[in-house]
Amino acid sequence: MQPVDFTTLTAACSELRANWLPSRTEQVYQRDRYTIAIALRTLKQRDWLEVSWHPQAAHICIGEPPPRTPDTFTFSQQLIHQLGGLALVGIEAIAPWERVIDLQFARRPGESPLYHLYAEIMGKYSNVILTDASNVIITAAHQVSQQQSSVRPIQTGQPYETPPKLTGTIPSLSESQERWQERVSLVPGAIKRQLLKSYSGLSAALLDLMLLAANIAPETTTDTLKPDDWQRLFERWQEWLQALESAKFQPAWTKDGYTVMGWGAVATVKNIQELLGRYYTDQINQQLFSQLRHQLSQKLNNILAKLRNKAQTFKERLQQSDRADEYRQKADLLMAHLQNWEPGMKEIILADFDTSKPVAIALQPDKNAVQNAQSLYKQNQKLKRARSAVEPLLLEVQAEIDYLEQVEAAITQIENYQTTEDLQALEEIREELISQKYLEDPEYRNRNTNEAAISNFYRYRTPSGFEVLIGRNNRQNDHLTFRVAGDYDLWFHAQEIPGSHVLLRLEAGTVPEEADLQFVANLAAYHSRARQSDQVPVVYTQPKHVYKPKGAKPGIAIYKQERILWGQPQLIVKSK
């Protein structure tokens, strides 16, 4: 992940100053452990200033509005208590070349600041700290005790101390090429490394793009650079410093990230706020997505393994109970041939009533024939009782396995992070598993997700243009089938295979073509556990014939009056 360097921070703050000073603070919302969003309003616009102290993705920019869910973090409550209704009157770096931004808040523009919100964008040491006018710390996103850092503790009630000053040489526009070249090449080495060692304010990402623009490989050693190379590189160096001085930047996407200098651009962006907002939202979501998908998959694998072992044990006990009749038949044989028994016998062989084949009956030598027969009758009763006790337990475990396989299939469908809806679908699965007591989460906050959040279905169009909606998880499946489905729609599902509920939307009087039905069947097969198969049986029926059994878990449904089509998931794979 590309960290925010001094150049990016300067560019972002320059744009913020131009568009958001002064502005009024209306609200503060904390998105997660590392990010706050401050609602700002000017005479022309209202938006959310996002400030993040994430160890890999600390940044400051105008971002997306926060979700409509309760904010239970105390840090944001402390901020709005102090800053609510005040004007943001300044966005200043605390010192040249420092990555600490002082957001200044006053009663109204032109007055002295009452509060300072310091955004320290410094990698793993990033922090956000609120102080009063005399720089006494009121609250901090991350408090640092004396034991954690004797150099710079950060605690409520203590004076705010700025980070240790930079020790390296500061780049300057007035420095000549000769002096600059001499400083960089003093000790021979790779040009990228030598630049990083020689000057403050640089980052690896900035230098990679600067060297790319100068057509120089980063590992080229200083003693092999030709005069033309030095000239091209110094021109890019000057271009960078002039951009910092004039606050004229060129935000763009690059092959591996972004740039504010226009170097290595593959696509332009209208402003730096959009660039940073999109990049860090996607990067953090991608990280969360991968972690959550792995966590959910591992948890489900473990639970399903235990349940399948339990089911196997129950099946083995049922197989044993299948021998109940055998014990009764042996007892009957023994009772019918009491005269054949002799004291001390360990086994007796008698002819079967029906087939006359010899049947060997094991005996307990210390018991007589009647007592042995009674033991066999008792074993018969015991096994019959075991069957009546085990059968409902096996059904219960099997229902649990079916449900969790349905959840597992939903997770399998969400393979990669592409949009925020993908992460949201996984989060809904996590919430479902927590509500069903399969997961424990001390930080879980039960929230009523709005209608839009559970309507982020997969959406397709059939050859005739009919809309197709597909649930991403059990919560969406239930919502789709029992809330969204209309009287004229058709409901599809892979037959007796875990998978998504699929809805073909139809208006009154419209009749889908065979190609439409086949296309939807292919989708239902693709969004099921049988995705890798060539052909998958898919049922379809009207939504009114789909029911939820009483007490059934999310995503479980039964249907009737169904028809069957053979879905071909590989056709969907090829079309993607």
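So, strand 10 and strand 12: they pair antiparallel, over three bridges. For pairing, DSSP has to find at least two bridges between two strands. The strands and helices themselves are DSSP runs numbered from the N terminus, with helices being H or I of at least four residues and strands being E of at least two. If you want a spot to look at, tryptophan 253 has alanine 267 in strand 12 as its bridge partner.

Before I go on, a word on what this is. It's a predicted model, where local features need pLDDT of at least 70 and side-chain atom pairs count only at pLDDT 80 or more, while totals for chains, interfaces and linings use all residues. Residues are numbered from 1 along each chain as its sequence is written, and side-chain values use heavy atoms, with hydrogens and water left out.

Now look at glycine 257, in the loop between strand 10 (252-254) and strand 11 (258-259). Is glycine 257 buried or exposed? Buried, because its relative accessibility is 7%; the cut-offs are under 20% relative accessible area for buried, over 50% for exposed, and partly exposed in between, using a 1.4 Å probe and protein chains only. Leaving out residues up to four places away in sequence, glycine 257 touches Gln2 and Tyr279, where contact means heavy atoms within 4.5 Å. Glycine 257 and glutamine 2 are 255 residues apart in sequence, yet their C-alphas are 6.7 Å apart in space.

Inside the order, strand 1 (residues 23-32) and strand 5 (residues 87-93) pair antiparallel over two bridges, and arginine 24 sits opposite alanine 87 in strand 5.

Proline 22 is in the loop between helix 1 (6-20) and strand 1, and the peptide bond joining leucine 21 to proline 22 is cis, with omega about -10°. Most peptide bonds are trans, and most residues other than glycine have a negative phi. On the phi side, serine 356 has a positive value near 65°. Serine 356 is in the loop between strand 13 (347-351) and strand 14 (358-362) and counts as exposed because its relative accessibility is 53%. Glutamate 496 has a positive phi too, near 55°; you'll find glutamate 496 in the loop between strand 17 (490-494) and strand 18 (502-504), exposed at 75% relative accessibility.

On to the charges. How many salt bridges does the structure hold? There are 23, counting a side-chain nitrogen of Lys or Arg within 4 Å of a carboxyl oxygen of Asp or Glu. Take aspartate 229 and arginine 232, whose side chains meet at 2.6 Å, N to O. They're about one helical turn apart because they sit three residues apart in helix 6 (residues 227-246). Aspartate 229 is buried at 15%, whereas arginine 232 is partly exposed at 27%.

Arginine 183 and glutamate 175 make another salt bridge, at 3.4 Å, N to O. There, arginine 183 is partly exposed at 24% relative accessibility and glutamate 175 is buried at 13%. Then there's glutamate 467 with arginine 459, closest N and O atoms 3.1 Å apart.

Some bridges share partners, and that joins Arg308, Glu405, Glu408 and Arg529 into one network. Glutamate 405 is in helix 9 (residues 369-413) and is buried, with a relative accessible area of 14%. Setting aside neighbours within four places in sequence, the contacts of glutamate 405 are Leu304, Arg308, Pro498 and Arg529.

Last stop: valine 370, also in helix 9, is partly exposed at 33%. Together, Met335, Leu338, Val370 and Tyr377 make a nonpolar surface patch of about 280 Å².

Note on methods: Patches are made of residues with over 30% relative accessible area and no salt bridge: like charges are joined within 9 Å, nonpolar side chains (Val, Leu, Ile, Met, Phe, Trp, Tyr) within 5 Å. Accessible areas come from the Shrake-Rupley method with a 1.4 Å probe; for residues, only the protein chains shown count as cover.
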